[in-house]
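Here's a walk through one protein model, going from the sheet to the ligand and the pocket. Keep the structure open while you read.

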Amino acid sequence: MDQANRELEALLDFYLASGIDCLLETEPVDRFLETAQLAERRMAGQVSRTPDRPVQGAGPAALQPQRPRMPGTDRTFLQSAHQSGQQPVSAGPAAQPLGGDPSGGGSSVVLPNESAVESARDAARNVSTLDELRACLDGFDGCNLRLTAKNLVFADGNPQARVMFVGEAPGRDEDLQGKPFVGRSGQLLDRMLKAIGLDRSDAYIANVVPWRPPGNRTPTPQETEICKPFIMRQIELVNPDILVFLGSASAKTLLGTQEGIRKLRGRWMKFSTGSAEISCVATYHPAYLLRSPLEKRQSWQDFQSIKKKLAEIPHNLS
Ligand code: URA
């Protein structure tokens, strides 16, 4: 049985890696209408919020466990072929209701657009602790990645640590465990930390995008934009002495630059959270180092430089 489950899981993982992240039937099914109807039936008290078996014909969104919702984010995102591509889905300047309540209230289905980024900004602005931020992300349904992810991957390590690492997005192992950098690249990161006398209790680790993109594809620019206010707030709340961007995607997103990682790495800069200026540096992503072991030499230098910086700058006790 276990073997069969593992084989099935491997097959599904292969499908996801090939870009297949939703199942289609031979006849077209209007999932938006179904979702809206399900929401209406729920509001009328005809359907329990936690069905003990899947609702016949209901799409993945309808089968998601009910979580607390952030105000202004009560919408189901279009799961389209765009999810497996690199192009952002754009619906124009305003949210477009696709069914249900035409006023846009209630549980209408909308295409993701900049209003999702706006609601992420509002949500992130309104939290004042890391626990609140985690709960806020747990209830945020403005990012389609949560539909395919198994877990929210919020953070690992010590929120009081002097150094914070930010990666790009969780992979399969991280998704399964709900913790960042626990797979092969995480093991390499642990070894690199050890080389400068640190371990996870001396570091706080998070990602720009806290949900695994299906099949480990690159998050789309729009998914990244939606998640950015949350990681910005997470950095502000942790307020580390030193911030380390792991890889080009993290560095480019958070520094707002197009410069390549080869040029960026190893250069100390200042990162502004709005309330503080933090010394920051970019280095190669451990997954890249696994593929290009010769570059470990540069990473070694970057980590030595982090060690030196930690010794130089005063402890921020706030
Ligand atoms: N790669 C990342 O960027 N983050 C993780 O958590 C794991 C792998």
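How many of the residues of strand E6 (residues 242-246) are buried? Five of its five are, so to speak, under cover: the strand is mostly covered. Bear in mind as you go that this is a predicted model.

## The strand under cover

Let's look at how the side chains of E6 are arranged. Ile 242, Val 244 and Leu 246 point one way from the strand, while Leu 243 and Phe 245 point the other way. Both sets are buried.

E6 has a partner on either side. With strand E4 (residues 163-167) it pairs in the parallel sense, over four bridges, and here Phe 245 of E6 stands opposite Val 166. With strand E8 (residues 277-283) it also runs parallel, this time joined by five bridges. Val 244 has Val 281 in E8 as its bridge partner.

## The whole sheet

Now zoom out. E6 belongs to an open sheet of six strands, in the order E3-E5-E4-E6-E8-E7, and the pairing is mixed. Strand E3 (156-157) and strand E7 (269-272) are the edge strands, each pairing on one side only.

E4 also pairs with strand E5 (residues 203-207), in the parallel sense and over five bridges. Val 166 turns up again here, standing opposite Ala 206 in E5.

## Around the ligand

A polar backbone atom of Glu 168 is 2.8 Å from an oxygen atom of the ligand. Phe 181 also uses a polar backbone atom, at 2.9 Å from a ligand oxygen. His 285, in turn, brings a polar side-chain atom to 2.8 Å from an oxygen of the ligand.

## The second largest pocket

The second largest pocket has a volume of about 630 Å³. Its lining counts 28 residues, and Glu 168, Ala 169, Ser 185, His 285 and Ala 287 lie nearest the centre.

Helix H7 (172-177), helix H8 (184-195), helix H10 (248-255) and helix H12 (286-291) each supply at least two residues. H12 gives the most, with four. Sorted by class, the lining has twelve nonpolar, nine polar and seven charged residues.

## Two buried residues elsewhere

Is Glu 295 buried or exposed? Glu 295 lies in the loop between H12 and helix H13 (296-312). Its relative accessible area is 14%, and because the cut-off for buried is under 20%, Glu 295 counts as buried. Its side chain makes a polar contact of 3.0 Å with the side chain of Tyr 288.

Ala 120, in helix H4 (residues 114-125), is buried too, with a relative accessible area of 0%. Its C-alpha atom is separated by 9.2 Å from that of Glu 225, a residue 105 positions away along the chain.

How values were computed: Residues are numbered from 1 along each chain as its sequence is written. This is a predicted model: local features need pLDDT of at least 70, side-chain atom pairs count only at pLDDT 80 or more; totals for chains, interfaces and linings use all residues. Side-chain values use heavy atoms; hydrogens and water are left out. On a 1 Å grid over the protein atoms alone, a cavity is a set of points where a 1.4 Å probe fits but cannot get out, and a pocket is an open set with protein on both sides within 12 Å along at least five of seven lines; lining residues have an atom within 4 Å of a point. Grid points are joined across faces, edges and corners, and a volume is the space filled by probe spheres set on the points. Ala, Val, Leu, Ile, Met, Phe, Trp, Tyr, Cys and Pro count as nonpolar, Asp, Glu, Lys and Arg as charged, and the others, Gly among them, as polar. Buried means under 20% relative accessible area, exposed over 50%, partly exposed in between (1.4 Å probe, protein chains only). Two strands pair if DSSP finds at least two bridges between them. A polar contact is a pair of N or O atoms within 3.5 Å; within protein, one must be able to donate a hydrogen and the other to accept it, and residues adjacent in sequence count only if both atoms are side-chain atoms.
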